[in-house]
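Please find below a colleague's note on the model under review. It is set out as numbered points.

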Amino acid sequence: MTKKKNSILDTNYLFPQWCAIVGWCIFIVCAILLPFHKEMPDLFTFTTINILPQEDQGWLVTKSNWWIEFLISGLAISMLLVAFTRVKEEDEFTINLRLKSGAWALKLYTIAIVLGTLLIYGDIYMELMTVSFVVCFLIFIGKFHHELYKLRKETEDEE
């Protein structure tokens, strides 16, 4: 039995290219529906047990509409699919670009979270924190594809 040696080009963690299209479709649907989650019909209403009740809820059992949970989960899954999809030419430079873009996105995201925590209060803060994880993915995707575009443009100019 031979063991396969891990190399820098081992990209088994990346999804096939079609996953990016599926991811963007899910993202668009969830992003459009998210602001209207309170007005959505009670198709997904479940009885839940409140461990830490809020002022306007009962102590033990409440009915809650799960649209927000489905939409936020959809956003998370869609961004994961888009962020970790292979590009046509996956090589050492692309992997390095992916790593640098991820680090850049995490730094910028951390600054945004700290500023949001210091400057925003109340219900708006909770809503911001609920969907803020999507921002990190969006920054990563934007930075990665921008750098990839610049690289391809430089390569075309040299030829």
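1. Basis. This is a predicted model, in which local features need pLDDT of at least 70, side-chain atom pairs count only at pLDDT 80 or more, and totals for chains, interfaces and linings use all residues. Residues are numbered from 1 along each chain as its sequence is written, and side-chain values use heavy atoms, with hydrogens and water left out.

2. Helix α4. Helices are DSSP runs (H or I, at least four residues), numbered from the N terminus. The 37 residues of α4 (residues 122–158) should span 54 Å at 1.5 Å a residue, and the end C-alpha atoms are 53 Å apart, which agrees. The expected span is 1.5 Å times one less than the number of residues.

3. Buried residues of α4. Among the buried residues of this helix are Cys136, Phe140, Ile141, Phe144 and Leu148; buried means under 20% relative accessible area (1.4 Å probe, protein chains only). Their cover includes α1 (18–33), α2 (67–83) and α3 (92–119).

4. Leucine 148. This residue of α4 has a relative accessible area of 5% and is therefore buried. Leucine 148 touches Val87 and Leu97, residues up to four places away in sequence not being counted; contact means heavy atoms within 4.5 Å. Its C-alpha atom is separated by 7.7 Å from that of threonine 94, 54 residues apart along the chain.

5. Nonpolar core. The largest nonpolar core has 15 residues, and Leu75, Met79 and Ile141 have the most contacts inside it. Such a core is a set of buried Ala, Val, Leu, Ile, Met, Phe, Trp, Tyr and Cys residues joined through side-chain atoms within 4.5 Å. The largest share of this core, seven residues, comes from α2.

How values were computed:
Helices (H or I, at least four residues) and strands (E, at least two) are DSSP runs, numbered from the N terminus. Buried means under 20% relative accessible area, exposed over 50%, partly exposed in between (1.4 Å probe, protein chains only).
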